[in-house]
Amino acid sequence: TLAHTLQGMGQDEGMYQQYIPLALHIAEDHFLSHESKDVQLLIACCIADVLRVYAPEAPYKDPDQVK
């Protein structure tokens, strides 16, 4: 559901600012190293859409988080 919601979100909506905590949450190691490859794939898709929606100011500021 989250992946589809982020895919349909545009930069011009202005509502995306409220999703910064969620964007930071999905970038946690718990999700990125999940045992299910499907979960990892969906999280990667979500993060790619977060970067698209928030460009040029990504919500990820910590260099380790960006990596």
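Is Gly8 buried or exposed in this structure? Gly8 is exposed, with a relative accessible area of 59%, where buried means under 20% relative accessible area, exposed means over 50%, and partly exposed covers the range in between (1.4 Å probe, protein chains only). The structure is a predicted model, in which local features need pLDDT of at least 70 and side-chain atom pairs count only at pLDDT 80 or more, while totals for chains, interfaces and linings use all residues. Residues are numbered from 1 along each chain as its sequence is written, and side-chain values use heavy atoms, with hydrogens and water left out.

The protein chain contains five helices and zero strands, and the pattern read along the sequence is α-α-α-α-α. The radius of gyration of the protein chain is 12 Å, close to the 11 Å that the globule rule gives for 67 residues, so the chain is as compact as a globular protein of that length. In these descriptions, helices (H or I, at least four residues) and strands (E, at least two) are DSSP runs numbered from the N terminus, and the radius of gyration is taken over C-alpha atoms, with the globule rule being 2.2 Å times the number of residues to the power 0.38. Along the principal axes, the C-alpha atoms of the protein chain fill a box of roughly 35 × 25 × 15 Å.

Of the 67 residues of the protein chain, 27% count as buried. The accessible surface of the chain comes to about 4,800 Å², and 58% of this surface belongs to carbon and sulfur atoms; accessible areas come from the Shrake-Rupley method with a 1.4 Å probe, and for residues only the protein chains shown count as cover. Among the contacts in the protein chain with a separation of 6 or more, 59% are accounted for by residues 24 or more positions apart, contact meaning heavy atoms within 4.5 Å.

Gly8 lies in the loop between helix 1 (2-7) and helix 2 (20-26), and the C-alpha atoms of Gly8 and Val53, 45 residues apart along the chain, are separated by 9.7 Å. Glu28 is placed in the loop between helix 2 and helix 3 (29-32) and counts as partly exposed, at 37% relative accessibility. The C-alpha atoms of Glu28 and Asp12 are separated by 27 Å, with the two residues 16 positions apart along the chain.

Helix 4 (residues 37-54) includes Asp49, which counts as buried at 12% relative accessibility. Not counting residues up to four places away in sequence, Asp49 touches Ala3, Leu6 and Gln7. Asp49 and Ala3 are 46 residues apart in sequence, and their C-alpha atoms are 8.0 Å apart in space. Gln40 also lies in helix 4 and counts as partly exposed, at 22% relative accessibility. Leaving aside neighbours within four places in sequence, Gln40 is in contact with Phe31, Leu32, Ser33 and His34, and the C-alpha atoms of Gln40 and His30, ten residues apart along the chain, are separated by 9.9 Å.

The cysteines were examined for disulfides, a disulfide being a pair of cysteine sulfur atoms within 2.5 Å, and the count comes to zero. The sulfur of Cys45 is 7.0 Å from the closest cysteine sulfur, in Cys46, which is too far for a bond, and Cys46 is accordingly in no disulfide. Cys45 is partly exposed, with a relative accessible area of 31%, whereas Cys46 is buried, with a relative accessible area of 3%.
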